[in-house]
Each structure stands twice: as structure tokens, then as C-alpha cells.
Amino acid sequence: MTDTSKDVVLKVAGISKRFGGLQALSGVGITIQRGQVYGLIGPNGAGKTTFFNVITGLYTPDAGTFELAGRPYEPTAVHKVAQAGIARTFQNIRLFAEMTALENVMVGRHIRTHSGLFGAVFRTQGFKQEEAAIAKRAQELLDYVGVGKYADFKARTLSYGDQRRLEIARALATDPQLIALDEPAAGMNATEKVQLRELIERIRQDNRTILIIEHDVKLIMGLCDRVTVLDYGKQIAEGTPAEVQKNEKVIEAYLGTGGH
Ligand SMILES: Nc1ncnc2c1ncn2[C@@H]1O[C@H](COP(=O)(O)OP(=O)(O)OP(=O)(O)O)[C@@H](O)[C@H]1O
């Protein structure tokens, strides 16, 4: 018997989350295979962001099991989840506005470094070498996402589309098992969306695994291997984009309402 479980990057099951009287998530589960682009869609208020926040340690779930690359993980804090191997971007960009693009990516890389506080304070040889290596890697990642020429610019001076790319570079800097993108195309114009799509395709080709929330249904359907549709906190469909698009519940709940 072949063991396919080692190809599973994320396996979460039975996730529930209540806010007061509102059941924001009811027993939601997804399994993402290595190398997949996995989409999460649903109308406004369906629970997509809550789901992201739960799996990345921002919200404490009421129930659920969590496994990353075959190991159980506890999404109790954002930094622990990052260390376990999930990196995310945010719907509302969260960069260090006054730091340079390069520094923003270096921050992402620091969760994988070893010199620690002693090295930083005493600027040991090991620390200096590590910093140089981090800066080099950060520049490579900036080049990779297409904003290399802005390395020394403050993050806040970059265009909206470029800031989103920078966030992706910072997420990649943590060498994640899974990269979770929260509405990466929000506010982008048509050209930027095409470029974003090319970038995500490229990241996938480099054998990364991606989870993406997106309002742009066309983008999701063209990009994803599998899709889960949430509606009022419930998972109403799961499958390939072609399967999901044909699903009656989805048409009724989401696509039928104009893909808001
Ligand atoms: N911190 C919170 N406290 C109370 N209610 C919340 C909280 N976060 C989300 N909710 C509620 O939970 C439900 C799901 O919201 P969520 O933001 O997860 O949906 P969404 O699918 O991401 O929506 P959108 O597409 O508009 O971003 C909504 O009714 C929302 O008002």
C-alpha cells in the first residue's frame, strides 16, 4: 500500500468557531496536497477570513484538529504557526511601512535563524555572516516577486500591487510548508491581476503549496486545483473548479448572486 499521507501539507477537520450568537464556522475541514493551489471562496460574511485566522493562530477555535505536513500543530499563536510552517499575507496589507522592502523580507527570514539575542547584541562573527546571508536571500526573493529594484525604498512608498508582492516575498522568506494568501488581488487593476496570477503560477511551479481566499471568482477558477465554498460558516461544496461551478448550492448561494 502506498502512503499518500506524506504528500498532504495541511489537513484540518471539524473547525468550529462561534462569536457570541453567531456560528461563524461549523465543522469545516480541508485537505491540501503538496504543490496544490487551493481556493477558499464564499459570499461576504461566509467565514473565509475567520477560517484563515483560526488556522494561522489569530483566533482560538472552539473545535478542530490541525495537521501540517503530517504533524499535529496547535494554532495557539501566530508566531508558533509561522514556525510550524504556515506563512500568510493579509487582506489589509501589514508591512512595516517605515522599513525598506529589503528589511521587511529580512524580518520574515529571521524566524529561521539561529544566532539569537546573544549574537545580535554582541554582533558575533556568526551573527554577521548570518545577517549577510539573510540580506542576500531577501534580495533574491524581492527579485523573484518582481520588486527587486525597490529593495532600498520604504515599504509605504511602493504601489499597492508592489506592496502585495512584497508581502508575498516576506511570507516566502519563512520557507513555509504552506503559503496562505488572503485576498491577494483585492484592489488590483486588471494588469496587476494578470501579473499576480503569473506570480502564483510560478510559486506553485517551484513546488510550493498555496491556500488562497479571493473574491475574484475568475481568478480562483483559473488558478486553483481544488476549491472549497463556504456559506454561513458551512462548507457547501468541495472539488475541482469545474465541479464546484456546477454545484447547485454554490450557484444559489454565491455565483447566482453575482459573485459578490
Ligand atoms: N472578531 C469577530 N467578532 C465577532 N464577529 C465576527 C468576528 N470576525 C468575524 N465575525 C463574523 O463572522 C462572520 C464571518 O466573517 P468572516 O470575516 O470570516 O467572513 P468572510 O467570508 O471572510 O467575509 P468577507 O468576504 O466579507 O471578508 C461574519 O458574520 C462576521 O461578522
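Start at Phe51. Setting aside neighbours within four places in sequence, Phe51 is in contact with Ile15, Leu25, Val28, Leu40 and Leu230. Contact here means that the two C-beta atoms, placed from the backbone, lie within 7 Å.

Two housekeeping points. This is a predicted model: local features need pLDDT of at least 70, side-chain atom pairs count only at pLDDT 80 or more, and totals for chains, interfaces and linings use all residues. Residues are numbered from 1 along each chain as its sequence is written.

Now the overall picture. The chain has ten helices and ten strands. Those are DSSP runs, numbered from the N terminus: helices are H or I with at least four residues, strands are E with at least two. Of the 260 residues in the chain, 39% are buried. Buried means 20 or more other C-beta atoms within 10 Å of the residue's own; exposed means 12 or fewer; partly exposed is in between; C-beta atoms are again placed from the backbone. Take the contacts with a separation of 6 or more: 68% of them join residues 24 or more positions apart.

Next, the domains. The assignment gives domain 1 (1-85 + 176-260) and domain 2 (99-175); bounds like these come from an automatic or database domain assignment. Nine residues of domain 1 are in contact with twelve residues of domain 2. On the domain 1 side, α2 (78-84) and α7 (190-205) are the elements that give two or more residues. By class, that side has six nonpolar, two polar and one charged residues. The classes: Ala, Val, Leu, Ile, Met, Phe, Trp, Tyr, Cys and Pro are nonpolar; Asp, Glu, Lys and Arg are charged; the others, Gly among them, are polar.

What about the core? The largest nonpolar core has 66 residues, and Phe51, Ala101, Val105, Leu142, Ala169, Ile210 and Leu211 have the most contacts inside it. A nonpolar core is a set of buried Ala, Val, Leu, Ile, Met, Phe, Trp, Tyr and Cys residues joined through C-beta atoms within 7 Å.

In α3 (residues 101-109), seven of the nine residues are buried, so α3 is largely enclosed by the rest of the structure. Ala101 and Val105 are among those buried residues. Their cover includes α5 (125-145) and α6 (160-172).

Then α6. Eleven of its 13 residues are buried, so α6 too is largely enclosed. One of the buried ones is Ala169. The cover over α6 includes β6 (86-88), α3, α5, β7 (178-182) and α7.

Which residues sit around the ligand? Phe19, Leu22, Ala24, Gly42, Asn44, Gly45, Ala46, Gly47, Lys48, Thr49 and Thr50. The criterion is a C-beta atom, placed from the backbone, within 6 Å of the molecule. β2 (22-33) and α1 (48-55) each give two or more residues to that shell. The largest share, three residues, comes from α1. By class, the shell has four nonpolar, six polar and one charged.

Last stop: Asp206, in the loop between α7 and β8 (210-213). Buried or exposed? Asp206 counts as exposed, because it has 10 C-beta neighbours inside 10 Å. Asp206 and Leu230 are 24 residues apart in sequence and 29 Å apart in space, C-alpha to C-alpha.
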